[in-house]
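Here are my notes on the model, point by point. Please read them with the structure open.

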Amino acid sequence: MEKLNKFTKIFKKIYYQVFIENFKEKLNYNFPLNYYRWDLIEYLIKKNNYSDYLEIGCDQDQLFSKVKIKNKTGVDPSNGGNVRKTSDDFFKDNKDKFDIVFIDGLHIYDQVKRDILNSVDCLKENGIILVHDCMPDNMSKQAVPRYRMIWNGDVWKAIVDLRQKEDLEIFTCSIDQGIGIIKKNKNSSILKIEKSINKLKFEDYYNNYKEYLRVISLEKFKKMF
Ligand SMILES: C[S@@+](CC[C@H](N)C(=O)[O-])C[C@H]1O[C@@H](n2cnc3c(N)ncnc32)[C@H](O)[C@@H]1O
């Protein structure tokens with residue numbers, strides 16, 4: 001994880017607030033306190049009899065070590081998993097196909113978008129892609145450049161961007177920092193937005209996140225998937 005000393009944090013914070021945005025409102029999602037990403041993954045593996053799992057960004061294997069499945073691939077340039085590469089390098093050479101992909105690497109819009117599209121290309125029929133950290137509750141947690149330790153990044157922008165595509169069906173489940181759910185199906189509710197992705201601010205997210213991300217509860221997710 002990127003090291004941030006006190007000086008860098010203060011400098012980036014001031015930079016962000018002066019030149020990008022300074023919006024103070026916060027969201028309260030009330031994520032369930034007893035259901036996390038590993039529970040969702042276990043549910044999907046059992047329900048669909050999945051055998052091949054890919055995780056992008058493993059850190060200390062907090063999740064990777066909990067996933068019980070026949071074949072596991074974990075990609076991280078620094079820690080955890082079992083493939084020591086960046087996601088871009090991994091996808092360049094990869095020939096394997098996966099049932100379930102969990103994207104949790106570099107939390108910056110264009111990298112997340114690339115990780116999603118590369119995952120789509122190696123997804124099996126009936127496979128599913130999950131994307132962590134889609135629902136920041138305040139401006140600083142999604143600020144790029146990053147200036148705090150607890151950080152979701154602007155992953156949400158990759159979801160908003162791809163919600164405009166015709167060939168991906170995308171929802172966001174309101175658990176564990178927001179988990180994007182992506183299937184290779186026809187988009188049944190194409191998002192239309194006026195602004196370009198790079199002009200979107202946290203204030204836009206704050207006012208529109210339910211529509212932007214197509215947010216669903218865990219109960220609804222389990223009825224649909
Ligand atoms: C938030 S942590 C992952 C946490 C883990 N998936 C979990 O569920 O607890 C993000 C990880 O992404 C890794 N990472 C950063 N840049 C990456 C990249 N370009 N490709 C793959 N992983 C990356 C970091 O080294 C870090 O370990």
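1. By class, the shell around the ligand holds seven nonpolar, seven polar and five charged residues. Ala, Val, Leu, Ile, Met, Phe, Trp, Tyr, Cys and Pro count as nonpolar; Asp, Glu, Lys and Arg count as charged; the others, Gly among them, count as polar. Of the 19 residues around the ligand, Gly 57, Asp 59, Gln 62, Leu 63 and Gly 105 come nearest. A residue is near a molecule if its C-beta atom, placed from the backbone, lies within 6 Å of it.

2. A word on the source. This is a predicted model: local features need pLDDT of at least 70, side-chain atom pairs count only at pLDDT 80 or more, and totals for chains, interfaces and linings use all residues. Numbering starts from 1 along each chain as its sequence is written.

3. The chain has seven helices and seven strands. Their order along the sequence is α-α-β-β-α-β-α-β-α-β-β-α-β-α. The radius of gyration is 17 Å, close to the 17 Å from the globule rule for 225 residues, so the chain is as compact as a globular protein of that length. That radius is taken over C-alpha atoms, and the rule is 2.2 Å times the number of residues to the power 0.38. Helices (H or I, at least four residues) and strands (E, at least two) are DSSP runs, numbered from the N terminus.

4. Buried residues make up 34% of the 225 residues. Buried requires 20 or more other C-beta atoms within 10 Å of the residue's own, exposed 12 or fewer, and partly exposed lies in between; C-beta atoms are placed from the backbone.

5. The largest nonpolar core has 46 residues. Such a core is a set of buried Ala, Val, Leu, Ile, Met, Phe, Trp, Tyr and Cys residues joined through C-beta atoms within 7 Å. Val 101, Ile 103, Ile 129, Leu 130, Val 131 and Ile 159 have the most contacts inside it. Helix H5 (residues 155–162) gives the most to this core, with six residues.

6. What surrounds H5? Its buried residues pack against H4, strand E4 (123–131), strand E5 (169–173), strand E6 (179–183) and helix H6 (202–213). Eight of the eight residues of H5 are buried, so it is largely enclosed by the rest of the structure. Lys 157 and Asp 161 are among the buried residues.

7. Asp 110 lies in helix H4 (residues 109–121). With 14 C-beta neighbours inside 10 Å, Asp 110 counts as partly exposed.

How values were computed
Contact = placed C-beta atoms within 7 Å.
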